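Please look at the sequence and the model first.

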Amino acid sequence: MDYLTTGEMAKFCGVTKRTLWLYHEKGLLSPQKIDAATGYYYYAPAQRWQLDRILHLKSLGLTLEEIRELSAADSPGKEAELLRAHIGQLEKERERIQTALFGSRLLLAPVALKQHNVQASQVRLEHMTPCKYLRINASCNIDQTYFNPHEPWIDQLHRLRLYLEKEKIPCSAYYIGHIYREEQPGRHDLTCSDITAYIDASFTHGNTAYIPEGHYMTLTFSDRCDCADSQARRQAYQRIIEEARQRGYTVTGDIYDEQLLVNADYTMYVRMMVPVQVPSGTYLGF
């Protein structure tokens, strides 16, 4: 029989000789023959498929110990049990990655805002895709909490984080915002006790809903997060309503805002979104 040296086996399968030594040490792939005089390893050509299988299983995320257990399984039932356990681990990891990916994508908007040093914004017409959010009551009683009435935005962040921890809800909560019922801004009362956080579409806990798809008049403006009575929000709303009226648009629903970026001096950028009905063929972006 023609044997393959360790170097030939490694080169043929695209691994290093150190990898083959490790697999031998772990009991995954032992050489067919070991030269007693030199200690050299020799592999049978047919062992290449064994190495290919190990590499394939490793690419699927199995550890070397799991591959060893799978290779040593004495029945199809045992193999199926091990594979189901691995699939379960992958599904948990997928959920973790999806949450991390969702949260990372949310970070792009405020980072881009800071990158371009946006100081003020024009009222714009934008088309929004559906966005799922979690809504909780900011006045909910959470034990062992301390809230500073002079820092309402930080207070709300703290309440949301504690709520998620208390309910054991795995949720990315970077974006914090409010929803104002359509009739509230008409009374110049831009206050509410609800906090919202964007969430992944697969999220099923708590009080969830969607920001509807459609056209929105938007305005990004500067505000302070240590001020409960926001004059800036009222002014932003009036700007949007006046612009919509001049363009002949009709406000159709609840008003949303989202905190985009908070600076060290307690200033922050907020984007207010007012849903409107527009004539067909209206251009977006201005």
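In which helix of the protein is confidence lowest, and in which is confidence highest? This is a predicted model, in which local features need pLDDT of at least 70, side-chain atom pairs count only at pLDDT 80 or more, and totals for chains, interfaces and linings use all residues. Residues are numbered from 1 along each chain as its sequence is written, and side-chain values use heavy atoms, with hydrogens and water left out. The pLDDT is the predictor's confidence in each residue, from 0 to 100. Confidence is lowest in helix α7 (residues 183–186), with a mean of 45, and highest in helix α2 (residues 17–25), at 92. Helices (H or I, at least four residues) and strands (E, at least two) are DSSP runs, numbered from the N terminus.

For the protein, the mean pLDDT is 76, and 70% of its residues reach 70 or more. Over residues 183–191 the pLDDT is below 50. Contact means heavy atoms within 4.5 Å, and beyond near neighbours in sequence this stretch has 15 contacts in the model.

Next comes the interior. A nonpolar core is a set of buried (under 20% relative accessible area, 1.4 Å probe, protein chains only) Ala, Val, Leu, Ile, Met, Phe, Trp, Tyr and Cys residues joined through side-chain atoms within 4.5 Å. The largest such core has 19 residues, and M217, F221 and I240 are among those with the most contacts inside it. Strands β9 (214–224) and β12 (267–277) and helix α8 (231–247) each supply at least two of its residues. The largest share, six residues, comes from α8. A second, separate core has 18 residues, including M9, C13, L29 and Y41.

Conventions: Buried < 20%, exposed > 50% of the residue type's maximum accessible area, 1.4 Å probe, protein only.
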